[in-house]
Amino acid sequence: KKLAYVTVLFRHGDRSPIRAYPTDPYQEKDWPQGFGQLSQKGMRQHYELGTFLRNRYKGFLNESYERHEISVRSTDYDRTLMSAEANLAGLYPPPSQQTFKPDLKWQPIPVHTVPLSEDRLLSFPIGECPRYKQLMEETEHTEEFVNITKKYEDTIEWVRNKTGQNDTDVKSVWSVYDTLFCESQHNLTLPDWVTPDLLEKLEVLRDFSLEVPFGIYKQREKSRLQGGVLLGEIVKNLSKMATPDPKQRLKMMMLSGGELININHDTTVIALQVSLDVFNRKQPPYAACHIFELYTNGNGSASVMMFYRNDSTVDPYPVQLPGCALDCPLEDFVRITHISISDDRNKECQL
Ligand SMILES: CCCNC(=O)[C@H](O)[C@@H](O)C(=O)O
C-alpha cells in the first residue's frame, strides 16, 4: 500500500490570554502583543510541528515547496494564521534554489482564510441553527449538566467573588481557567486565592465546558450540525483523492484552527474528534494535531489511518474509528462516518 494523501488539522500554539478578569493583576498591557496573540513559544511549537511533518512525510512530500502539493487554510485569527506560517517555516525550509535572500532560511507560503462570519469549514460552533440552539438548551437540563452545576456552585461563587466577574457560570468559567493557565505558562505569579485545588476544579469545569457544545447530550445530532460539516469535507476529499486524475498533484491539506470553547468561537479539533467519536475528553494542547492518512493499494482499493499528536515528545498515537480497524478500508470509513454528516444541514437546522 502507498501513501496517497494527508490531511492535518491542528490547534494554534501557545498564546496570551484571550482576556483578563476584572481583578486580574495582569491586563492587556502586560502582554507583548496584547490579548489572544501567538507567543514566541507558540511559534516554536508550530515550527517544531512543521519539522515533525517534514520528517514524517520525507519521500512523500517533495523536498522543496511545490505549490500544487499542499493547500493551507486557517481560521481568520492572528494566532491561527501565524501558527500556520510558523508551521510552514518548519515544513519547507528553502533549499538554495528557493532562497530569495541569502541569509534568510525562510520563504513565504500562502495561508488562505475566509472572514469568520463566512467560515463554514473551520470555525465552530457554526451559527444560526435553531435546532442546534434548542439542543444546547436541552443539554443544560440534562442530569449531568445540572449535577456538575450543583457540585461546583461553591467553586463558581468563589471565582465570581475573587475575580469580580459576576456573570461567571459553568459555561463561561473556562475563561478564568484559561487566563490563569496562560499566566502560569508565562511564569507570572498568580494571586494567592488561586490554589492547586481550585485550579484542579477549574480544569474539570473547563474540560466539561469544552464538551457541552458537541457532546453530553444527543452527540450524534449535534455532530451532524457542527463537526460533521468539517468531517464531511475531509471525507469527501479522501474519497476524491482515492482515485485522483493523473494530473492531480495535491498531497496535503493543512487546516489551522482553535480550541477553547466560546459559543461563537472555533473549537475545531474537538468538534471534529467528537464527530468521529474519538475525543479523549481533554482539551487538545497547543499545536495538537489530528492526522488523516489515505493509502491506496495496488488493486484500486484504499484505506484511512488516523493519528493524534498531543505530545511532541512521543510519536503520534494511532486513533481507531469505532467500528473499524486502525487501517480502515475507505468504504467502511465513509459508511461509518456518514451518520455524523448531514446531507442537508440547513434543513436539519430548522425546528
Ligand atoms: C472567543 C475566544 C475563544 N477562544 C479562542 O479563540 C482560542 O483561540 C481557542 O480557540 C483556543 O484554541 O485556545
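This is a predicted model: local features need pLDDT of at least 70, side-chain atom pairs count only at pLDDT 80 or more; totals for chains, interfaces and linings use all residues.
**A surface patch, the overall fold and its ring pairs**

Turning to the protein as a whole, its secondary structure consists of 12 helices and 8 strands. The radius of gyration is 21 Å, close to the 20 Å that the globule rule gives for 351 residues, and the protein is therefore as compact as a globular protein of that length. Along the principal axes, the C-alpha atoms occupy a box of roughly 65 × 55 × 35 Å. Of the 351 residues, 53% count as buried, while the protein exposes about 16,100 Å², of which carbon and sulfur atoms supply 53%. Among contacts between residues at least 6 apart in sequence, 74% join residues that are at least 24 apart.

In the pair formed by Tyr65 and Tyr92, the ring centres are 5.2 Å apart and the planes stand at 70 degrees, so the pair is edge-to-face. This pair links distant parts of the chain, since Tyr65 belongs to the loop between α1 (40-56) and β2 (70-74) whereas Tyr92 belongs to the loop between α2 and β3, 27 residues apart. Tyr65 is buried, with a relative accessible area of 15%, and Tyr92 is buried as well, with a relative accessible area of 1%. Elsewhere, Tyr177, Phe181 and Tyr286 are linked by ring pairs into a cluster.

Key: Residues are numbered from 1 along each chain as its sequence is written. Side-chain values use heavy atoms; hydrogens and water are left out. Helices (H or I, at least four residues) and strands (E, at least two) are DSSP runs, numbered from the N terminus. The radius of gyration is taken over C-alpha atoms; the globule rule is 2.2 Å times the number of residues to the power 0.38. Buried means under 20% relative accessible area, exposed over 50%, partly exposed in between (1.4 Å probe, protein chains only). Contact means heavy atoms within 4.5 Å. Accessible areas come from the Shrake-Rupley method with a 1.4 Å probe; for residues, only the protein chains shown count as cover. Rings of Phe, Tyr and Trp (its six-membered ring) pair if their centres lie within 6.5 Å; planes under 30 degrees apart count as stacked, over 60 as edge-to-face and the rest as tilted.
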